[in-house]
Amino acid sequence: MRIAWVTPLVKHAAIGRFSLLVTRELAKLGHEIRIIRCEARFEPEAPVLAIDLPVTHVRQIDPAKLGQEVDLTIINFGNNFALHAGALDMLAAQPCLGIFHDFCLIGLLDGWANATGATGDDYEAQIIATYGEGARETARQAREGSLSLPAIANRMPMTEWLAAKCAGAMAHAEFYLPRLRRACAGPVAVAPLAYALEHPSPASERRDGRLILATFGDIVANKCAAEIIAAIASAPSLRERLEYHLIGAIAADERARLQDLADAAGFTGLRIHGRVEEEAFLRHLA
């Protein structure tokens with residue numbers, strides 16, 4: 001088959017690393033693979049993951065005409081608009097299979113609205129079109145920012161918004177398969193995330209009685225760092241013994257917000273490292 005594989009390819013993109021593994025195996029099986037990068041910003045000089053396959057960016061092609069050149073387009077969806085903005089454009093390429101790496105995709109809708117200058121009515125219309133007229137009040141609350149992330153995830157994660165535009169869909173967990181099946185007219189399946197990482201050396205045993213909890217990856221809302229900080233702070237036995245490390249890219253305002261939350265709760269064990277290089281990442285993982 002001739003397959004277009006849509007993915008971010010910048011070095012810090014975990015889905016890009018997943019894509020390296022899977023496309024390599026597809027190529028070994030004799031399929032003709034072309035990689036289409038989907039980051040919001042087209043930066044030809046940006047450091048990218050090394051891959052021995054043809055690579056273009058969504059801004060360099062016409063997705064609507066791609067069907068004349070390939071048999072199938074496989075689109076990787078994640079909840080980070082900066083990495084996946086172009087994936088929305090690639091829905092014009094048919095037939096397409098969506099790999100849903102995240103269950104809640106409200107971040108893509110928010111990013112789309114900000115990038116396109118969509119009005120509040122346009123924003124709400126996308127939610128209502130996905131969940132029906134009964135979601136109008138929920139859509140208004142989401143636009144105004146009065147809904148918590150758990151409430152959004154339960155009521156309107158926007159998984160179906162994109163699944164309805166796909167000819168097939170894949171999830172990494174069973175719990176959101178029903179949503180994909182309700183929305184996607186084609187086959188839907190679940191498969192574990194394929195990922196390879198050098199195994200770090202085991203860390204030496206800590207002798208100070210401290211416990212380490214860490215979140216890895218871009219520190220965005222669906223990582224729930226704020227909720228984790230609140231949970232730690234609510235339990236004196238954890239608040240006094242635990243260090244919570246955040247290892248991944250984080251916006252300056254989010255860094256300040258999380259630190260303020262920890263300070264207000266009297267939790268002194270928060271450690272915000274930001275994005276780190278591979279060697280440091282493995283050291284933190286150990």
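**Pockets and helix pairs**

The lining of the second largest pocket divides into 15 nonpolar, nine polar and eight charged residues. This is a predicted model. The second largest pocket holds about 720 Å³ of space. It is lined by 32 residues, and N79, N80, F81, A82 and V220 are the closest to its centre. Helix 2, helix 3, helix 5 (136-144) and helix 6 (149-155) each give two or more residues to this lining. Helix 3 provides the largest share, four residues.

Next comes the largest pocket. Its volume is about 1000 Å³. Of its 35 lining residues, H12, A13, A14, G217 and D218 lie closest to the centre. Helix 1 (14-28), helix 2 (81-89) and helix 12 (278-285) are the elements that give two or more residues here. The largest share, four residues, is from helix 1. By class, the lining has 17 nonpolar, 10 polar and eight charged residues.

Now the helix pairs. Helix 3 (residues 106-116) and helix 4 (residues 120-131) cross at roughly 150 degrees, and their axes come within 10 Å. The two are therefore roughly antiparallel. The crossing is right-handed. I106, L109, D110, W112 and A113 of helix 3 meet D122, Y123, Q126 and I127 of helix 4. Six of these contact residues are nonpolar, one is polar and two are charged.

Helix 9 (residues 225-234) packs with helix 11 (residues 252-265) at an angle of about 10 degrees, with the axes 10 Å apart. That angle makes the pair roughly parallel. On helix 9, the contact uses A225, A226, I229 and A233; on helix 11, R257, L258, L261, A262 and A265. Eight of the contact residues are nonpolar, none is polar and one is charged.

Key:
Residues numbered from 1 in each chain as written. Predicted model: local features only at pLDDT ≥ 70, side-chain atom pairs only at ≥ 80, totals over all residues. Heavy atoms only, no water. Axes fitted to C-alpha atoms, helices over the stretch in contact; angles between N-to-C directions. Parallel < 35°, antiparallel > 145°, perpendicular 65-115°, else oblique. Contact = heavy atoms within 4.5 Å. Nonpolar A, V, L, I, M, F, W, Y, C, P; charged D, E, K, R; others polar. Left-handed = near helix turned anticlockwise from the far one by under 90°. 1 Å grid on protein atoms, 1.4 Å probe; cavity = no way out; pocket = protein on both sides within 12 Å on 5 of 7 lines; lining within 4 Å. Points joined across faces, edges and corners; volume = space filled by probe spheres on them.
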